[in-house]
Amino acid sequence: MFKNYIKLAFKVLARRKFFTFISLFGISLTLMILMTITAFIDSELGAHPPISDIDKMAFINEVSKKRIRIDSSYTRDTTLVNGVSKIDSTLNVREVNDMTSTSSASFSVLDKNFRKLPYIENYSFFSYGQVYDVFKNNSKFALKSIYVDAAYWQVFDFPFLEGGPYSKQSIQNQEQIVIINKKTKEAYFGDLEQVLGEEIILDGKHYQVVGVVDDFGNSRPFIKSDLYLPYTHIPSDILNNPDVLGSFEAVFTLEKSSRIKGVKAEVKRIIGGIPLPADQEFNTLEIAPLTLSEAYSKSLIYNEDASKSQWYMILILSGLLGLFIFLPTINLININVTRILERSSEIGARKAFGANRTNLVGQFVFENVILTLIGGIIGLILALILLNIINSSEVLGDGKLLFQGSTFVYSFLITMLFGIVSGLIPAWRMSKIHIVNALKENVS
Amino acid sequence: MIKHLLTLIWNRKKRSVLLIIELSLAFLILFSVFGFVLYNMDNYKTPLGFDTENIWMASLRMNSDPDSAERVETKALLLQSLRQIPEISEVSYSNPVSPFSGSTWQTSTIDNGFEMDVELAAADLNNDKTLGLNVVEGRWFNKEDKSAKYRPIVINKKMRMAYWPDSTAIGRIIKLNGESKIVGVIDNYKYHGEFSEEKNVVISLFAEHSDQNPTLIIRLKDGFDPTIEQDINRIIQQTTKGWKFSIENLESKRKFLNVDYWIPMVVLGSISGFLIFNVALGLFGVLVYNIKKRRGEIGLRRALGANPKSISNQFIFEILFLTSISILIALFFAIQFPIMGFFDVDTSLYIRAMFYSALVIYSLVLICTIYPSIQAARVHPATALHEE
Amino acid sequence: MIQLNNISKVYKTKTIETLALDNINLSVEKGEFLSIMGPSGCGKSTLLNIIGLLDEPSSGMINISDQAILEYKSKALAKFRNQKLGFIFQSFHLINDLSVIDNVELPLIYRNIGSSERKKLAEEALESVGLKNRMKHFPSQLSGGQKQRVAIARAIVGKPEIILADEPTGNLDSVMGGEVMDILLKLNKENSTTIVMVTHDKLMAEKTHKLIRLFDGSQVN
């Protein structure tokens, strides 16, 4: 039976070239785009080095100080009471936030308050640094820098090409050392094979290269940098600045991803006890640890509550994706309805010779699934080509899109769903046609 | 005749439902993409208002040295030393709210019953020449402004047209961080980037003794040698003794910022292009099949005296009628955007987006109908009726 | 073999009712070759469809092989058709996308018979209609007479007890029609298959055992 279905499916496809082409075109391009989008999301938010532990990570990337004052106002309404007009006044008391200042955290606020959070396996504080202009062989490179501590290299599992992370000791000693990425190595040292121990000159200061990290797909700024410098090179007046706002961010590795609630609650408790600078009018401090996807969503769709941002983000994304899949599906259903109606003589003959409804629905769905599978394979090939083009054209900067097995599995599942849904409706409709009517359609 | 065709369409309505859903969705997708692209392109079309070719910029981070007198001196010295370089035609300072810096300083004020939302920037006396700003009314800052009674400000034309459309703005005094007097109007100042919407901009004089980190703006002469950058870098380093900075080319920064707009437009454009093409192919397939299916009906019409032209007209009319219904359904949803005011954009943008979407859908449908309708016209009455 | 009692068929639309069959009583013995004749629209095809379980009567009773098949559900009906009945249509209804042999195998597929067995039976059936050499061809490559012979092979491949033929020679010229008729007669004689045939052609009808005439949905004798 199955073999027969397959045989027939291929014969039908081969003989109806135009319909097959239209269907394959739709299926394969839809899947190509789906796979590329999945690959993009996976590259940015998926668990790959250097953020293999992403599910367990929480970030403090934003600190807000606010002025919240109590605003009271009267609302007056004229109402009729027992036929007499009376003035009814209501006192409204509400909190008004009339001034907000938001930035990254200062080193001091992190250092003093967030070194002993519960449920934490590891944590790191880091700061985005300046862009260094470096001149070499008559050309200029602008190198992004990030200042990190020793734990940074444990929290994030960077793929090292040469050397390795620096130790706590070297950081404390303010050693003039730097870890660079592959791009910087190639730009600065050219064809030199080994660059460990070589020096890079930044604004006249010499730094010794102790490690080179390989390229990776993710473009999140807290891991993507050209230069990784020990944070102790930041001037002490900045590190000691008592304000809560600064240039630092924090990352925490939780024992388990479910601990995020506990950590959020603990942070909320702690910030209640943090004094705000007396010379300013701010009276409220807001710091909330966020997961990467919460932080990512918040940066795109702003909402004070990051979990809401994430929720909106999921809604919008699935809505767009739904619409994007819906249109080709309807198109395919429309084509299939036409294609199947064209075969009413065949349906009639099959029914007359003993095919029941299940047989017929099965046959047509199967045909469609075969078609989607072929489309899926073409889509996969197209997606791989497209990813290659995107990666080599560097439209996304040095961000490289990865193609993972999981991307393929998700897309495969979507393909199957696509095939079954777009085959089932027309097949069902067709199987309802009365035999006598099906046989009347004169197509021999 | 039309009534006859409408009856025919009505009787076939069940078969057309999928087609209508498809066309409506296609219209809605086109509408959103056109809306997005037109919004961006409208912004893109307004001039930047300043030059980007031959201009370099460096935002300087001053030492946290409390001695402001020394800072003022260093800043002046830096300008002097840079002017010595023959390739440089002009240098000046602005505050951190400079072209493409990503910084904004917004404020709103109520002045004489006007509620003004403005963005503030600050620049020095030579900024107009360095950036190539075009002063259309009044003048740019001059030396006397430093000691003027009212704080002098230059505004952009957008703001002038918004608040004083019928009278002059020059000489007006508005309350904006103290009383400020408008001395000049420049035509555009899209300092956020080429694709950003133009805002109401107020530029004040950037004082030499300001605590804000200065942005150095350098204009180079045509055909300069790019390696001069290294010399400039060295001069800044030596003069400032450790201020942090990075030199950026305004032209490359412009292109870099634009990529963030081009990518989504190209991605959305190609995805919707693909979806629409897909719909067109499907439509074509279904139409070709329909003609095949209706050979009998067509043959009969021909036998009853319809000429080939009227047959293909009938067919095209049917399809256009279905398309119009689909577009009307989609318009019902699309029109909610301007009515509910989901986005803060001009209604004319929505209307243009609707117009273009309808245009694309109609032309696409027409193209898909040409071949099948020619086929329909070619049906020979005798053979068609015989088959039936 | 086939027993029809008081069969009526009414087609209803919103405005009118059409009586397609009016109180038909009919019985066909095993091995009998019955032909039904009548002018266009007299209801003869409707009658054949009802005998073939493709359509339901509005009232009346049908017994085939002593089974009261009107009580069957659609799935059981499909199975019954598959095992007991074979169909031949005026316009052949071959599946264009399948080769001749695949077309003939069709009824066996729904019996879940293995592929080698199916092939053997289909070859035998094709041999008996003299088309074994055309097995790999597609229907579009055959003449009308050949197509109808393939359709006969398909009808007999499952060795049904009853064959229902709806104007099997209607689309064929007299030579081809004669060939098809000869095959049916031979089938009836050698395998004693019961055959019910609707026809326009008096010459064909006269070759069968029994002839009934329909006029406006009623049986006339």
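Start with chain B and its contacts, where two residues are in contact if their C-beta atoms, placed from the backbone, lie within 7 Å. Among contacts in chain B between residues at least 6 apart in sequence, 85% join residues at least 24 apart. In chain C, 71% of the contacts between residues at least 6 apart in sequence join residues at least 24 apart.

A word on the ground rules: this is a predicted model, in which local features need pLDDT of at least 70, side-chain atom pairs count only at pLDDT 80 or more, and totals for chains, interfaces and linings use all residues. Residues are numbered from 1 along each chain as its sequence is written, while chains are lettered from A and ligands numbered from 1 in the order in which they are written.

**Chains B and C side by side**

Here helices (H or I, at least four residues) and strands (E, at least two) are DSSP runs, numbered from the N terminus. A residue is buried if 20 or more other C-beta atoms lie within 10 Å of its own, exposed if 12 or fewer, and partly exposed in between, with C-beta atoms placed from the backbone.

| Chain | Helices and strands | Box along principal axes | Buried residues |
|---|---|---|---|
| Chain C | seven helices, nine strands | roughly 50 × 40 × 35 Å | 48% of 221 residues |

For chain C, with 221 residues, a compact globule would have a radius of gyration near 17 Å, and chain C has 17 Å, which agrees.

**Domains**

Domain bounds come from an automatic or database domain assignment. In chain B they give domain 1 (2–45 + 256–387) and domain 2 (61–244), with C-alpha centres 52 Å apart. Each of the two puts six residues into their contact. On the domain 1 side, helix H2 (13–45) and helix H7 (250–293) of chain B each supply at least two residues. That side divides into three nonpolar, three polar and no charged residues. For these classes, Ala, Val, Leu, Ile, Met, Phe, Trp, Tyr, Cys and Pro count as nonpolar, Asp, Glu, Lys and Arg as charged, and the others, Gly among them, as polar.

Chain A is assigned domain 1 (2–48 + 312–440) and domain 2 (62–289). Their C-alpha centres lie 45 Å apart.

**How the chains meet**

Two pairs of chains touch, and the most contacts are between chains A and B. That contact takes 31 residues from chain A and 28 residues from chain B. On chain A's side, the elements that give two or more residues are helix H2 (17–45), strand E4 (120–136), strand E5 (139–148) and helix H10 (306–341). H10(A) provides the largest share, 10 residues. By class, this side of chain A has 18 nonpolar, eight polar and five charged residues.

Chain A also meets chain C, with 24 residues of chain A in contact with 25 residues of chain C. Helices H1 (2–15), H11 (344–352), H12 (357–393) and H14 (435–440) of chain A each give two or more residues to this side. It divides into 10 nonpolar, eight polar and six charged residues. Chains B and C share no contact, and their closest C-alpha atoms lie 11 Å apart.

**A closer look at two helices**

In chain C, helix H6 (174–190) has these buried residues: Gly177(C), Val180(C), Met181(C), Leu184(C), Leu187(C) and Asn188(C). They cover an arc of only 120° around the axis, which puts them on the same side of H6(C); the arc is that of the directions from the helix axis to the C-beta atoms. An α-helix has 3.6 residues a turn, so residues three or four places apart point the same way. Facing away from the buried side are the exposed residues Val175(C), Asp182(C), Lys186(C), Lys189(C) and Glu190(C). After H6(C) comes Ser192(C), with a positive phi near 45°.

In chain B, helix H8 (295–303) has Ile298(B), Gly299(B) and Arg302(B) buried. Their arc is only 100°, which puts them on the same side of H8(B). Gly305(B) follows H8(B), with a positive phi near 110°.

Terms used. Rg over C-alpha atoms; globule rule 2.2 N^0.38 Å.
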